[in-house]
Amino acid sequence: MYKNLILILILPVLFISISVASEIYDNAIKLYVAPYGNDSWSGKYPEVTDNDGPFATLNRAKEELHKIKAKNEINTNIIIYVREGTYELNAPFTLGPEDSGTAEYPVIFCAYKEEKPVLTSCQEITGFKPYKEKIIECNLKDTQFANILFKQLFFFGKRQIIARYPNIDKRDPHEGVWTYIASLEYGNMGKIKDHFRCTNDVIKDWTNVEQAEVCIHPGSDWAWDIIPIKSVNQSKSEIYLSRNSLYDFKLADRYYVQNLFEELDSPGEWYLDYNNAILYFWPPSDISKNHIYAPLSDSIISINGGKNVIIKGFILDGCVKDSIIMENCKNCVIAKNTIRNCGNRGIKITTGKNCGASGNDIYETGGGGIYVEGGDKKTLDKGSNFATNNYIHHIASLHKEYKNMAITCEGVGNLIDHNLIHDTPYSAIAISG
């Protein structure tokens, strides 16, 4: 009985793993994408030859995929090979039912040979000029960032720090430095959610406090909330918030305040004056040798209703929310990718069946690592979705709450197997269903 049960759980994963592991398909239809490509070319060649060669964009390759599927019954694999380079996406690369393969012949989007193509929603910010001492500034009014309240800035591939008090201690591997609630209006713990008294070292002669935020573990260390500041009273050491916290405050709750110009006092810190569309930054090294980026798109890849699709071998770097979203899909897999610098989770898989994440490296996320959900709790029909052989570490740098595990699994009949996990702010794995 138990051997049969194990087989039932493993077979869907094994099938997809075999499909992903096969590097060469002799009879496959192959398309190519490269930074030096041209969307007017045929996309049939990995190199430029006789005024022909690879496409320049994934979307053009997807158009060609539709044409191929319209003309032919799928009786072989269709592989879209992507050459090494950086591909900047202003919107998520989307796949749906029309991009599907078959159980025998999946559609595969993958890196060419051992190359490492980078997909990113980040765009470079240019036009900085000196402001004061080591701080530089950039007017964003005539840029694509003019009306965007972005919360992430990257320099040399690393997420930088929103100007804050207290400053982080980079000797601490988790960079945890806090200040604490000094007192509350109704004693040490009560129904207080919108204001508190801080220690007298916190509030300075701050300007634009309505653009600042309190980042706090309210009530319990497993809770987390980021709340805009409404006003402050420096003489009374009081901070008033623009809304109630998710939980009641208690004495000595730990927090920090961020996005205050007056707290921009350390290398790597930055401040966005959203009202005036001006970005200030103290670069930790020479900006002439590195670039400054911020994300524009919520996600990098979004698959909705797709079947038998494989995404393999990419570096996905920088987005506002979840890097890869897979919803209501069947027999789809995200394999052997590096996923980093997303604002929330690395991979989110909801509903669908026999879909999963295998062999990915996920780190420096703003939220969790992988979210897997599927199956029917009423009928106990299994989702058979999975997260296996992934390496997940140093996650939840922005959202430190209990919801952001390395792996969260919900539903019925899903599999979490052989993952390596370390450096998380809360539990490694959470299972419910």
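The model is predicted; local features need pLDDT of at least 70, side-chain atom pairs count only at pLDDT 80 or more, and totals for chains, interfaces and linings use all residues. Residues are numbered from 1 along each chain as its sequence is written, and side-chain values use heavy atoms, with hydrogens and water left out.

**Whole chain**

Select the protein chain and colour by secondary structure: two helices and 38 strands. Helices (H or I, at least four residues) and strands (E, at least two) are DSSP runs, numbered from the N terminus. Along the principal axes, the C-alpha atoms fill a box of roughly 75 × 60 × 35 Å.

Show contacts next (heavy atoms within 4.5 Å). Of those with a separation of 6 or more, 64% join residues 24 or more positions apart.

Switch to the surface. The chain exposes about 20300 Å², with 51% of it supplied by carbon and sulfur atoms; areas come from the Shrake-Rupley method with a 1.4 Å probe. Of the 433 residues, 52% count as buried, meaning under 20% relative accessible area.

Now select the charged side chains: 45 are positive and 53 negative, and the centres of the two sets lie 4 Å apart. Lys and Arg count as positive and Asp and Glu as negative, without His and the chain ends; each charge is placed at NZ of Lys, CZ of Arg, CG of Asp or CD of Glu.

Colour by pLDDT, the predictor's confidence in each residue, from 0 to 100. The mean is 91, and 93% of residues reach 70 or more. Select residues 1-21, where pLDDT stays under 50 and the model has 18 contacts beyond four places in sequence. Where pLDDT is low, the predicted coordinates should not be read in detail.

Go to Pro166, in the loop between strand S13 (164-165) and strand S14 (179-183). A cis peptide bond joins Tyr165 to Pro166, with omega about -5°.

Asn354 counts as buried because its relative accessibility is 14%.

End at Ala396, between strand S34 (391-393) and strand S35 (407-411). Phi of this non-glycine residue is also positive, near 60°, and Ala396 is buried, at 1% relative accessible area.

Technical notes. Buried < 20%, exposed > 50% of the residue type's maximum accessible area, 1.4 Å probe, protein only.
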